[in-house]
Every structure is written in C-alpha cells, then in structure tokens.
Amino acid sequence: MSLVNLRVNGTEHTVDVDPSTRLLYVLRNDLGLRGPRFGCGLGQCGACTVIIDGVATRSCVTPTSRATGEITTLEGLAQNGTLDPLQQAWIDEQVPQCGFCQNGQIMTAKALLDSNPNPTDAEIREGMAGALCRCMTYYRVQAAIKRVAAGAQDDGPASGEEAIR
Amino acid sequence: MTTFTKVPKTIEDILASQSAITSRRDFLKTSGALVVSFSAASVASPNGLAAAEGDAPRGAPAGPYPDPDIRQLDSWVVIHGDNTATFYVGKTDCGQGTGTAFRQMMCDELDIAFDDTTLVMGTTDTTPDQGGSGGSDAIQRDGWPMRRVAAEARRVLLEMASEQFGVPVDQLDVANAVISVTSDPSRTVTYAELIGDERFNVTLTGNNVNAISGVAEVKPVQDLRIVGQSPQRYDIPPKVDGSLEWAVDVRLPGMVHARNIKPEVAGATLRGFDESSVWDLPGFIRVVSRGNYLAVVCEREEQAIDASRRLQVDWEAPATAPFPTSEELYDYMRGATPTSNDNPRVVGDPDAALADAAQVLEAEYDFPFQGHTAFGPAHALADPSDGQMTIYSNDMKSYGMRNGIAEFLDMDREQVRVVWMEGPQAYGRTAADDAGFEAAFLAKEIGRPVRMQWMRDEETAWDTKGPAFTFSLRGGLNAQGELIALEYDAQAADHNHVGYNEVETVLISQLMGTRLPTPNRGRAATPSEFYAIPNRRTTTQVVGLPSIWETPLRTGNLRDPNGPQVTFASESFIDELAAAANADPVDFRLNLINGSTNEDNGFKRARSIAVIREAADAYGWDTRPSPKPLGSETILTGRGIAYSYRSETVVAEIAEVEVNRETGHVWVKRIVCAHDCGLVINPEGLRRTIECGMLHSLSRALHEEVQFDTEKVTSVDWISHPSLRHTDTPEQIDVLMINGDPNPDRPDLPHYGAGEAVCKPMVAAVANAIFDATSVRLRRVPFRDERVLAALRAAGV
C-alpha cells in the first residue's frame, strides 16, 4: 500500500492503496462513486468508463498509479446543478432500460462529441461500438446523441414519435 | 373498518414521522423544475421514504421482518399530510418501466396527480408479496390488485368526505386528491385533511394476492386519464446523473469482499486447497469451503480477486465428460434417449395426408444454448448483523430469495429480508439468485457483511442457460399449394430446468451436494400460432446431457424460455412451405389463419390477422414469393416476416436485411413490429420495451451461442461470446401499437403483458429475410458472418 493522489471531478484525493489497484475499485470503494461500475474487468464492455484528460478510459484496466490526469466520472458531468446536455437528452429520449451500462454509453458519447461535435451516423455507430448494452438500448442511445449533436437545429424526438412531455 | 394489524414497519415509521415528510413537499414547492426535482427528492429520501429508488434502508430497525399483511389497505397505500401518496407493490422493475406504469394505474384509480405520488417495490418486509417479476405478466396480472386497492382507498376517502359534508357520495366530485361538493364546489376537502398520515384500517378480501380487493369497483377504461399517457420513467434521472444507489453500490461498515472459485472442469470434485498459498496476501481473511463450493474473503475487492486467482486448488475431474462439445451437441441430442416424452398430439391423419401430398418438405433446425450473460455479473451483499440476515440484491424474485435463503441457512423466515435494488438485466432466472445465496452463506460464516461479486468469465460461463433445441419438421402441400399436413418434433436439452430461489436450484447448494430426489422435468414447447392445418402431429421431448448437477449448462428461464427457439423453427418452416408453394409469405400466413374459424375469448385469431396486415402495410410489403431473384451486387437485400403470440399478446415482425455476399455479414437495416397487448398503459415506455426486446432477440439471432468443449464452457467474455453492438443497430425501427382487431363491434381489450412476446418472432424474421435476399436457408442459430459465408459459398451464391 502507498499513498496515491487523484484528481476526480475537480477535487483532490489521496488514497492509500496498492498502486497497481485498478482505478475502478478505488473510485468505487474508496471514493464512493457510483457512476463507473464493474462489467467485465477486461476493458471490453465500457461499464467502467471515465474520462481522463478528455479521453474515454476503461478504469477497470487502468492502474491507479497511471491515472495522473484530471478524472471525470458520470457524477462530474453536471455543472452547477445543471445536467450535461447529453444527460438531459438521455432523459428526454428515455434511453435506459435497466440502465446499468448507461455510464459507459454516456461517458463514451461525451468523449466522442467533445472531439467531434457533429458526427455522422456512421461515426456515431463506430465511435460507440465499444460500449455494450445487454438491454439493447442502442437505437435510443444513438437518437439521444443525435439530439445533442444536432444542437438547436432539431429539438424534436429523433425517432419520429410525438414528444413524451 | 377493522382493527389495525400487521402493516410494514416502514409504513409505521412514515406515519409516525409527519414532520420529516413535509420537508419533501416543501422541497417540491421551492423547486423550479418539478419533474426532475421530484425524482431527486425521492432519491434523496432523507427519511427512508420511497426507498425503492433511494439509498438502501440501512436505518431500518433490526428484525424480525414479518410479512406485510396483504389484506390491509395500509400495506398498499399511504396518504401523507402534504396530500401526496406512496404506493407499495410487491413487484420489481427490471428496466421496462413497470414501476411507472403501476403508478399510473394506481393514480388513476385513486384520483391523484402522477407527480404527487411515489411507488416502492420489491422489498420483502416493506411491500406486499406479489412475487417479484417474471412472465411479462406484471401489467396483465399484478396490475389488477393494485388498481383495486387504489380504488378502495378512493372509495373510503369519498365516504369520509360524505360524512363530513353530510352529502351523499354520488353528489361529490374528486380530482387531484381533492374532494368537492358537486352543488357547491367551494366546499372542498383534501385527502390529507381526511386521512393524512393516519391509517385507513380497512381490511381487504381475497384468498391470494392476485385476488386482493376492496368493495370498490375499478374505473371503466373510458374514465382512465393517466393510463394511456407517457409520463417519463421516474427511475431514469438518477440513473443518468450517477446518484442512484444500485445493489452493487451498497457499502456497510465492516464489509468484506468475496470471490468464488469455480471448478476447472464441470462436475469436478474439490480434493483440497493450499490456504498457505494466499496467507501472505494483504487483506486475506479466509478461504471458505463446503463440498465443492469454494470462495475467498478479503478486506478489499482487488485483494479478493487476487486471492481467488492465486489460491492453489486441487480439483479431480469427473470420470465421464459432463457434456459433448458444442459442435457435437445437436447430434448428441438427436441420438439421446429422452428423459421425458409427451404423447404426440395428433389432429386428423397426418400420415395419410403426407402420403397424398403433392409436395413434402422436411427440414431440421438447431438452436444453441444461450445465456443471460448479464452486463453486470451477478452480485449481492449480505448483512448478518444482530442475528438477522439482510440481502441487498437485484434479483427479480426477491420474495422467493428470502424464503430460499431462510431455508438454506436454517433461519426463521422473519429473520431474513431481501432489499430489492436496481441492477443489470434481469430477464429470467439469472445468477443473481446464486450470488444472493452465496453472500448470505459467507456472511453467516464470517460474521461480517459480505459482498459477493461474480467475475466476467464466471458470469458468462456459469449463469443459467436458455435450453438448446433441435427440431425436425415435415410438411405436405396439396396441388393447390395449400398446407394440408404438418409434423413438428422438438427436443430441448432442458432436463433439470432450475426454478427460482429454491434451495436445490442454486449453484452453491448443488456444489454442496444437494440434489432433488427427482430432477425437474423441463419442457420443449410448441409453436404459438393460429394456423388452420387439418392434419398435424406435434411431438415434444426433453433430453439430458450427461451432467445435470453443478453444471454451467444448467437451464433456466431466459426471456421467453422457449419462444425464440420454437418460433425460429416453426416460422422458418412456414416460410419454406410458402416458398415451395410459390406463395407470398404474408399471404400464405393470412390464408392459413383465415382458414380457421376458431376464436378464443381474447380474439387472438382475429388479432393475429390484424397484426400481420398492419406490419405488412407499415413496411410497404410488396406481394411476391420469396426468394427474390438473386442479384449480382455485393450487398443482397431481402425482407422476412414472422408472427407469434405469448399469453394474450400478439406480435408480427418484419426484418429487412442486407447480406454481404463477400463477408457473410448480416445487417438488419429495418424492423417493423405490429404489437397488440390490449390496453397500453404508457405508450412511450412500451415502445422502448418493444424495441429493446426485439434487439435482444436480434443479438441472439446474429451472435449468441454458448460454446464448450467436453470439460468447460469456452465462451467466457465479450470476444468469445459476442453480443449485439452499436454497429449492428437497425437504421429504423417502426412500432405499431394496436388494441383489438379492426372489428369495431369488439370492445377495447384489458391490459395484457408485454416484453417477452416480441422476443419470439425476431430470429425467424431475420432467417426469412436472409433467405429472401440470398435464396439460402439458414437452419442453425446464430447467423455469424463465417457461418453465413460458408452457407452462401456452399450454395454457390
């Protein structure tokens, strides 16, 4: 065990862990965060995704000692009590079923749109391909991303039905 | 009114803590955004209220945990002093929005605004036992007692107002939890003023929870106002902002972490382990073992993972292989002696009809074992404090888990409770059951709260499986191309199909040596359609693999336990017969249904015609036989239809595919679904459930197969066990919700179930579309690129 410094959602933390401990377990068990979660431990599914210095990162395969940048988790997306536009789009589009994977969907989409604010449909599909969902909410995830990518041009539902509320 | 009896302690606490409750209303009043902040308020749950979507009720008193009395109105409905209400129901929402739908139904019956209510679900000492979830019957069956108790609460409140005003009930109006005198609307009284934070003390009747009723009648459909709207799901905001506490998130003081160590070979005997191989590891607490069950417990999670991998274990492989390889499975099943064999059901004289037929077709179909492979592997936390046992779990049948664990640990039922919390993907009998039992066993052994978490390879290899099937079908067409005889022969590898939560069904118990005297029989199902075929023979058999205990190929319910398999075979074969008759696949089906005059109470035959027509119209179906003439392009396109029903819900699905003849890759570009589940409670919620259910079956059609050698499952992660991805997503999904057939003389239907029904036809629709595009019939699932390519090459396409 040794002391490791982390900067998470704008706050400095010092944790006493084996530095090889995967970042996921420190975020969850030492810092009490609920956004990133265990899905595979192999970097294959996206459940554990956090953003480190702008890059969507699989915290389940990232040693804590390597997480030296600014870490943003799902909890850190809202600013001053206002949800990130992606989170709001997720509510407007009523995306989740069980919702367990949605951390991976939202954080992957956030990094995607931050680097490419107006992706094509093909770029969305490719960019999101590593974020798995076993309830198969992909159709609505893509619709929600398009809502945000389209910005003010189109606030209507992406899939054609009447607005929910 | 009668004397108050056993109402959940949680409700007692709420009734006793009026001051704490009013803070929620104040929060609402001072908040700008009512909808979002209401959800936030229910999540923040400062007083333990609305715990279903909030933090686990750790402040609740230590047991015992008696059953809420299902015959007390107070167990179901509480009116608060701020004129809001909380509903308590014994169901669990696996992510289809049933909680929101229940709230809508109960709000309508109680006459209270949706936003002025919360709903608590599925915790055994808090909510009346409605069994948790399963069978897609939450709305169809469990919604009725909910509606009746809410209606009863409204009736009692109206009677109280009648007494207060001295005005008969039929001269009172009620809206949004306020009762007024019809002749003088200035005279009003709120529900809260009548009964806020006090008990109803009303006894209900009914021999079981499904029959629970008061005196009041439920409203006719025409008077429902909130049902049929699409209020947003209350559970979604805390799921997207990271605030929701899920079952995986619960942390208790003194909690430790456990990991299982599974046998290297299925059915292996644990000869021993060398605990000294992990003694030196930091945080190590104990190795726990009984029979062939083995787990390690450590202070920290990463330590438990490390210890589980380093522990030196001596397994003795079984004398005989537990199963054939997955490639040999279907030959094995066809050659196996059935463990159970239903008498063939015979209609007419199929032998004579087939002998006379102008054309006879035969085909065999194979469907693999498929797993739940929950996105979040199985997990649970068990707290043995104060000689009680509390299990925090996402298991959809929390009530059964409580009973099973009490028996397993030889504890009194009232010492055990299961706190249901949100979790990943509970589509049937998942390993969440197993993890709950394991955590409780270890917690009792260790004497500290134990968190059990399965790893990815463990989940994918060892969760319960939907049974593999083989099918042999034979059909006879007459000279006019009419289907005159059909033989259906199904074999399911379903011997010892596990149930829910019974001690002998969970893996830990089997590993410890528990055996049922007689293994569960299992089942091979028959097709669900309304085709009028004059001569039929239907045969169903169950076969067993060599190992049926302690095996990773344990079968259990997976989202419509037999439907995708059976409908793949039956609706593919109907398509083959249509092609042989040179008939359009839609026309061929409609003619088969029109040939019957048998109608059931739910008009399922007429509704079958309606959904097939609606789907075809919406798709823009061009009437012609399949396959279409083979093109010369690299990308071949085609469309296929399949139809089925489940319980009272009728579904037709059309898939449009693109098949890459150079790679074998199949993309389902468009799906159209016509869906009739009777009265729809929340259309937008239902739309998403339908979309996702169909895509789940699309994943099963294109990707999913449990693969194994003669010792173990070899498909263990998202590479070796692929699943649908964003890149597979259709470009367009059209969902048509229909209630009743087009005959205007027939009444609106009641609310039936939704969810699993749409899982049934998709695999066949895709297979039929691939045939339409390529002239190649795929008779084995899944349709992975390499298999499709091999089939195309073999056919010279």
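Predicted model: local features only at pLDDT ≥ 70, side-chain atom pairs only at ≥ 80, totals over all residues.
Local features are reported at pLDDT of at least 70 and side-chain atom pairs only at pLDDT 80 or more, whereas totals for chains, interfaces and linings use all residues. Residues are numbered from 1 along each chain as its sequence is written, and chains are lettered from A in the order in which they are written.

View 1. The contact draws on 13 residues of domain 1 and 12 residues of domain 2; two residues are in contact if their C-beta atoms, placed from the backbone, lie within 7 Å. On the domain 1 side, β3 (49–52) and β4 (55–58) of chain A are the elements that give two or more residues, and β3(A) gives the most, with three residues. Helices (H or I, at least four residues) and strands (E, at least two) are DSSP runs, numbered from the N terminus. By class, this side of domain 1 has eight nonpolar, four polar and one charged residues. Ala, Val, Leu, Ile, Met, Phe, Trp, Tyr, Cys and Pro count as nonpolar, Asp, Glu, Lys and Arg as charged, and the others, Gly among them, as polar.

**View 2. The side of chain A that touches chain B.** Here 50 residues of chain A are in contact with 49 residues of chain B. At least two residues of the chain A side come from each of α1 (23–30), α2 (85–92), α3 (102–115), α4 (121–127) and α5 (138–150) of chain A. Helix α5(A) gives the most, with four residues. The chain A side comprises 26 nonpolar, 14 polar and 10 charged residues.

**View 3. Helix α2 of chain A and its surroundings.** Six of the eight residues of α2(A) are buried, so this helix is largely enclosed by the rest of the structure. A residue is buried if 20 or more other C-beta atoms lie within 10 Å of its own, exposed if 12 or fewer, and partly exposed in between, with C-beta atoms placed from the backbone. The buried residues are A:Leu86, A:Gln87, A:Ala89, A:Trp90, A:Ile91 and A:Asp92. They pack against α3 and α5 of chain A together with α7 (236–240) of chain B. After α2(A) comes A:Gln94, with a positive phi near 50°.

**View 4. Packing of helices α17 and α18 of chain B.** Helix α17 (residues 585–594) and helix α18 (residues 604–619) of chain B pack at an angle of about 165°, with their axes 10 Å apart. Axes are lines fitted to C-alpha atoms, for helices over the stretch in contact, and angles run from 0 to 180 degrees between N-to-C directions. The angle makes α17(B) roughly antiparallel to α18(B); angles under 35 degrees count as roughly parallel, over 145 as roughly antiparallel, 65 to 115 as roughly perpendicular and the rest as oblique. The contact includes B:Leu590 and B:Ile593 of α17(B) and B:Ile609 and B:Ile612 of α18(B). Its residues divide into six nonpolar, two polar and two charged.

**View 5. Packing of helices α12 and α13 of chain B.** Helix α12 (residues 398–408) and helix α13 (residues 432–446) of chain B pack at about 40°, with their axes 10 Å apart. This makes α12(B) oblique to α13(B). The contact is made by B:Met401, B:Gly404, B:Ile405 and B:Phe408 of α12(B) and B:Asp433, B:Gly436, B:Phe437 and B:Ala440 of α13(B). By class, there are five nonpolar, two polar and one charged residues.

**View 6. The loop of chain B that holds B:Asp386.** B:Asp386 is found between β16 (379–383) and β17 (389–393) of chain B. B:Asp386 is exposed, with 11 other C-beta atoms within 10 Å. B:Asp386 and B:Ala62 are 324 residues apart in sequence but 6.8 Å apart in space, C-alpha to C-alpha.

View 7. Most residues other than glycine have a negative phi, and most peptide bonds are trans. B:Thr373 has a positive phi of about 40° and, with 26 C-beta neighbours inside 10 Å, counts as buried.
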